[in-house]
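User: I am new to this structure and would like a guided look at it. Could we go through it piece by piece?
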Amino acid sequence: MSVPNVNCKILYVENEDTLAKYPSRAEKYGPKRKFYSCNQAQDYVTYVDTGTKQDYISYSGDQEKSTGIFGKNGLMDYRERANLRAKLRTTKSIIWDCLLTFQPEFGQTYCNDYEQAYEMMKREMPRFLKDAGFNPDNVIWFAGLHTNKQHRHIHISFFEDKPTRIRERSKELQYSLGKINRACIDRFKVHVEQNLTDISAELRIARKDVTTLTRNVLFSNDSLIRYNSEFQTLIMRLAEALPSEGRLSYDSENMRPLKPLIRQITDVAIKSNKKWHKSFLTFCGEVKKHDDETREMLIRNKVPEKYWDKYLKSETYLDDLYRRMGNQVLNYVRVFKKKERPAKSRLARKRIRNKTALDVLARSAELQAAMETESMYFFQEYLRKLEEAREENAQGVMELDEME
């Protein structure tokens, strides 16, 4: 089995007051606290920033080559580093030290310069902190990419700005404890690899193409969708069923009974346009590719299969796409309803709506031949692709069982 592309080790040191209560711990960890809290000449900020060799740091062997120290706002200048040291010297928070290492080929490809490291950390560090139970807005973090070895690695340190936890007995505020859940660290590793390889990039592009085509097909003056009899019949059914008050967005509570109808309208619309249909199938393929690559990461990181659902996003991404398209369908219905002439009585409104329906159906009979006929097999092709995906996933699970 291949080794993980990303590894992560997190240590922490308690504050001086806590260490002072236990002489043996103070003797063992006191020097480290001074190093991390910048209460000595050679400190951790200097090490992260410049890569100065430290004889008493276990992972410092060769003269380090650093790309510079950075935080959430980018590279730190002299004044920002001075302010950071001042906070470290006075904080009563535990100080965490995280070492993020990469396999040689992976690191040299995906995390080999400051820009790659910073863009990843800017996104993933707040997510990791929130996942670990911290308030990201209350945490000060800094990092530096070191490139002295084939294994590129990022040194990360963070601490809490203010105490926010409440003691059970005294009800006083306190800082967080040091231990971080192993599952949280594993998720951090997977998210870092996903971010650096950007396996979601093509998926986001595919989703944007589909949503753009949704608007074009529904609202373009050149679109033939308005002459599709099945589509317009369903649209009128939806217009009739829309609640008279409350929110009219796809995910709103009062629209829940109508979501199957909106999804049916969306499917009919997709099959009516060759370009839209092709774009949707591309999106489905990117969703499957995303999950396949994520599954490989999970296997490399030895994440138990019972947790895979937290990482595999095919259903989530597809639901999100239908939400976006569904809202466009609802926008189309609003436009459709505005075209109806106002009428005072219920019978008058019914006559106007019936006339609108007859006009649409008559016009659609003339122009239905202009529709892309090959895309009428959308559902069969879509179901076939889903079946292929299920078979491939099942084969992957069988192979995984054999490996185990």
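Predicted model: local features only at pLDDT ≥ 70, side-chain atom pairs only at ≥ 80, totals over all residues.

User: How many disulfides does the structure hold?

Analyst: The structure holds zero disulfides. Cysteine 98 is in none, and the nearest cysteine sulfur, that of cysteine 8, is 3.5 Å away.

User: What about cysteine 38, where does that lie?

Analyst: Cysteine 38 lies in the loop between α2 (23–36) and α3 (44–50). It is buried, with a relative accessible area of 1%. Cysteine 38 also has a positive phi of about 65°, although it is not a glycine.

User: Let us change topic. Which residues have the most contacts inside the largest nonpolar core?

Analyst: They are Phe231, Leu238, Ile265, Trp276, Phe280, Phe283 and Met325, in a core of 35 residues. The elements that each give two or more residues to this core are α8 (201–219), α9 (229–241), α10 (259–271), α11 (274–300) and α12 (314–338).

User: Which of them gives the most?

Analyst: That is α12, with eight residues.

User: What does tryptophan 276 touch?

Analyst: Leaving aside residues up to four places away in sequence, tryptophan 276 touches Val210, Leu213, Thr214, Val217, Ala269, Ile270 and Met325. There is also a second, separate core, which has 33 residues and includes Phe70, Cys98, Leu145 and Leu196.

User: Back to α12 for a moment. Is glycine 326 buried or exposed?

Analyst: Glycine 326, found in helix α12, is buried, with a relative accessible area of 0%. Not counting residues up to four places away in sequence, glycine 326 touches Tyr250, Ile262 and Thr266. Glycine 326 and isoleucine 262 are 64 residues apart in sequence, and their C-alpha atoms are 6.1 Å apart in space.

User: What span should α11 have, given its 27 residues?

Analyst: At 1.5 Å a residue, α11 should span 39 Å, and its end C-alpha atoms are 39 Å apart, which agrees.

User: What is found at the start of α11?

Analyst: There, a side-chain oxygen of asparagine 273 reaches to within 3.1 Å of the backbone nitrogen of lysine 275.

User: And just after the helix?

Analyst: Just after α11, lysine 302 takes a positive phi of about 55°, although it is not a glycine. Lysine 302 is found in the loop between α11 and α12. It is exposed, with a relative accessible area of 67%.

User: Now the strands. How many of the residues of β5 are buried?

Analyst: Eight of the eight residues of strand β5 (residues 139–146) are buried. In a regular strand the side chains alternate between the two faces of the sheet. Both faces of β5 are covered: Val139, Trp141, Ala143 and Leu145 are buried on one side, and Ile140, Phe142, Gly144 and His146 are buried on the other.

User: Which strand do the bridges join to β5?

Analyst: Eight bridges join β5 to strand β6 (residues 153–160), and the two run antiparallel. Tryptophan 141 stands opposite phenylalanine 158 in β6.

Conventions: Residues numbered from 1 in each chain as written. Heavy atoms only, no water. Disulfide = S-S within 2.5 Å. Core = buried A, V, L, I, M, F, W, Y, C linked by side-chain atoms within 4.5 Å. Buried < 20%, exposed > 50% of the residue type's maximum accessible area, 1.4 Å probe, protein only. Helix = DSSP H or I, 4+ residues; strand = E, 2+ residues; numbered from the N terminus. Contact = heavy atoms within 4.5 Å. Pairing = 2+ DSSP bridges. Expected span 1.5 Å × (residues − 1). Polar contact = N/O pair within 3.5 Å; in protein donor to acceptor, adjacent residues only side chain to side chain.
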